[in-house]
Amino acid sequence: MDHRQDVNAPKASLKLAFTGNLIDPQSESRNEESLPSALADPRVRVLVMSGGHLFMKQSSAGDAAWLTLEDAQGLAVDLEQAIFLGNDPAGPVVAATAGLDREQPPADFTAVPFRALFVEGLVDAAVLGAVAQGASLLAWNDNHRFCGRCGSETSSRTGGYRRHCEACDREHFPRTDPVAIMLAAQQDRCILGRSPHFAEGMYSCLAGFIEPGETIESAVRRETFEESGIRLGAVEYLASQPWPFPYSLMIGCIGEAISEDVDPDTAELEDCRWFSREEVLLMLEHRHPHGLKLPPPGAIAHFIVEQWARG
């Protein structure tokens, strides 16, 4: 069985952006020759990114996200610093950072924000999944160019899945930051909050990083209380989503609210309140009388709220 298969795929994975990755990362066999071998393979395809954007070829007859080596070199990528993502059914895949201004791409190319890729349906699920993998690894490598132990420069190893410090022989490995994102619900109502940086009229689930020493359930209860003043009882895991901003894993849960009085954290939220199931359904259907809305389909917050509202 393919290790990427998910028994929950019909319910969650097929509805969530960045979860359709078909690449086998070759974890057990990856070595120093993996990247050079991939670049020498005539089937190799390159995902070129920069600052939360994916470069796409406007005149491509096929999938505009998969670029050739020639395309990538035209975007001034440093292939020695590329990331070997692994192999999919069509061959090896690598990710690389563009060496030019994404605001002024060459003719025939455009740089598309990651969020627009799924909100506007510009690429399929497999490309989105590969983007999540590639963007996270590129960001991690860029953020760990110097050793956290001695401060010396590090170098990329095993195709970008490890960085080595020659000065102190320290090995550094990619990290994923776990984030709890949750919906506090009580019978036919739930808690939604609004951050100042949200689009006009948008409300969403509460969320926060899981801290060292915490379980997922403890983080869900703590973050919900800190941001809304609501206490939770039982917590149920629902789904997860890679989130390449820069390298998080969103862990989606629903919690049973056991208190009622909302006391929002105004330092983080400009509003937080109870929403009835009827009101949430209007938001899902884009029929709310005051234009209130939820994050777009593909975002795990949308999935969590929809599962509760229609469940």
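Colleague: What share of the 311 residues of the chain count as buried?

Modeller: In this predicted model, 50% of the 311 residues count as buried. The label is given to a residue with under 20% relative accessible area.

Colleague: Why is serine 204 called buried?

Modeller: Its relative accessible area is 7%. The cut-off is under 20%, so serine 204 with its 7% is called buried.

Colleague: Where does serine 204 lie?

Modeller: You will find serine 204 in a loop, between β10 (189-194) and β11 (206-209).

Colleague: And which residues is serine 204 in contact with, leaving aside its neighbours within four places in sequence?

Modeller: They are Leu192, Gly193, Phe198, Pro295 and Ala301. A contact here asks for heavy atoms within 4.5 Å.

Colleague: In which sense do β9 and β11 pair, and over how many bridges?

Modeller: β9 and β11 pair in the antiparallel sense, over 4 bridges. Valine 179 has phenylalanine 209 of β11 as its bridge partner.

Colleague: What makes β9 and β10 a pair, with 2 bridges joining them?

Modeller: The requirement is at least two bridges, and 2 bridges join β9 to β10, so the two strands count as paired. They run antiparallel, and alanine 185 stands opposite cysteine 190 in β10. These strands form a hairpin with 2 residues between them, where glutamine 187 takes a positive phi near 55°.

Colleague: How many helices and strands does the chain have?

Modeller: The secondary structure comes to 7 helices and 14 strands.

Colleague: How do you know that the radius of gyration of the chain agrees with a compact globule?

Modeller: A compact globule of 311 residues would have a radius of gyration near 19 Å, and the chain has 21 Å, which agrees. Along the principal axes, the C-alpha atoms fill a box of roughly 60 × 50 × 40 Å.

Conventions: Residues numbered from 1 in each chain as written. Predicted model: local features only at pLDDT ≥ 70, side-chain atom pairs only at ≥ 80, totals over all residues. Heavy atoms only, no water. Buried < 20%, exposed > 50% of the residue type's maximum accessible area, 1.4 Å probe, protein only. Rg over C-alpha atoms; globule rule 2.2 N^0.38 Å.
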